[in-house]
Amino acid sequence: VRAFNRVLSVLFGLTLLAGGLLVVVEVVTGLVDAPWPLAVDQWADSLQQSRFSDTAAKTGFLVAAAVGLVLLVAEARPWPKRSLALTSDGQRSWWLNRRSAERHLGRLIRSGTSATAAKVRLKARPRRWAVRVAATAAPKARPGIEARTREFLARLGAPDGSSVRVRIARRRRVD
Amino acid sequence: VSTPALAERAALARAVAAAATAVPGVARLTGGGAVEAATLYPGGKVVGVVLDARAVTVHLVAGELPLAGLVARVRAAVAAVLAEVGATRDVDLVVEDLELPALPAQARVVEPGRGQEARVSGS
């Protein structure tokens, strides 16, 4: 999200910069009575003659509204935190990169159980983590996957009582 | 900011980085994600160490588990460096990644239906 916000900030900044430069150029050319490099008067005429019912206007409004809505949802929705806060023995907190932990746990499950694929999602709730594992395996592999997950969480220092939910998708049989 | 202050800052960041890297179990320090965590100074930077008025934050790649013990050792090593120079700052640690030669130790799990205990090994 930080990178996304930076990209948005850069785009917004570039737009403002371009708009500002355009105004400066237009003002300067107006002061020296030179012909305007951009025919603003033609734009104004064109815009004044446009109607709300015109296809171009409606398309423009719809696109702007859709982009605005997407950006609003992207900024407002609760994205997973980049790092998980941990404490040990009542000491000061430290942080663990969430994606790294998810990646390693997925690898651990794939290498240590009969699962052929495993996707892991870690969420930090107050005082505990919620771990969701979606694995492609036989149903009988569930206890092994859960055991591996809990073992790994303990080694990471996850809070006691963290919840682990394993969802099994059966392997496709190839005849 | 005066040049001596910058030099002190750079020296402190380098000392913290050296102390943290020397702790067994620390694979290396890292700048982290898209926004690099580093202490910048004229002519260079110390990647993985961020100094501010309140705290020293160390971003590291762990080479061993469990993490709690490793974190405690790194924190103690950095605190010793700060104490040596008389700097009073908190020590914050961020484990940015794990670099484990072998994933955590072997566990024994039972997969029902196999009729025997299955040995699970790390890769």
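Which residue forms a salt bridge with A:Glu102? The partner is A:Arg121, and their closest N and O atoms are 3.4 Å apart. A salt bridge here is a side-chain nitrogen of Lys or Arg within 4 Å of a carboxyl oxygen of Asp or Glu. This is a predicted model, where local features need pLDDT of at least 70 and side-chain atom pairs count only at pLDDT 80 or more, while totals for chains, interfaces and linings use all residues. Residues are numbered from 1 along each chain as its sequence is written, chains are lettered from A and ligands numbered from 1 in the order in which they are written, and side-chain values use heavy atoms, with hydrogens and water left out.

- Helices (H or I, at least four residues) and strands (E, at least two) are DSSP runs, numbered from the N terminus.
- A:Glu102 is buried, at a relative accessible area of 8%, whereas A:Arg121 counts as partly exposed at 42%. The cut-offs: buried is under 20% relative accessible area, exposed is over 50%, and partly exposed is in between (1.4 Å probe, protein chains only).

**Salt bridges in chain B**

- B:Glu99 and B:Arg28 meet through their side chains in a salt bridge, at 2.7 Å from N to O. That pair links distant parts of the chain, 71 residues apart: B:Glu99 is in the loop between β6 (90-98) and β7 (107-110) of chain B, and B:Arg28 is in strand β1 (residues 26-29) of chain B.
- B:Glu99 is partly exposed at 37% relative accessible area, and B:Arg28 is partly exposed at 36%.
- B:Arg73 and B:Glu64 also meet in a side-chain salt bridge, at 2.6 Å from N to O. B:Arg73 is partly exposed, with a relative accessible area of 35%, and B:Glu64 counts as partly exposed at 27%.

**Across the chains**

- Over all chains, the count comes to 11 salt bridges.
- As background, side chains of opposite charge can pair when their charged atoms come close.

**Helix packing in chain A**

- Helix α4 (residues 98-112) and helix α5 (residues 142-156), both of chain A, pack at an angle of about 140°, their axes 10 Å apart. That angle makes α4(A) oblique to α5(A). Axes are lines fitted to C-alpha atoms, for helices over the stretch in contact, and angles run from 0 to 180 degrees between N-to-C directions. Under 35 degrees counts as roughly parallel, over 145 as roughly antiparallel, 65 to 115 as roughly perpendicular and the rest as oblique.
- Residues making the contact (heavy atoms within 4.5 Å) include A:His104, A:Leu105 and A:Leu108 of α4(A), and A:Arg148 and A:Phe152 of α5(A).

**Chain B at a glance**

- Chain B has 2 helices and 8 strands, and from the N terminus its elements run α-β-β-β-β-β-α-β-β-β.
- Of the 123 residues in chain B, 43% are buried.
- Among contacts in chain B with a separation of 6 or more, 59% come from residues 24 or more positions apart.
- The peptide bond from B:Leu65 to B:Pro66 is cis, with omega near 0°. B:Pro66 is in the loop between β5 (55-62) and α2 (67-85) of chain B. For context, most peptide bonds are trans.
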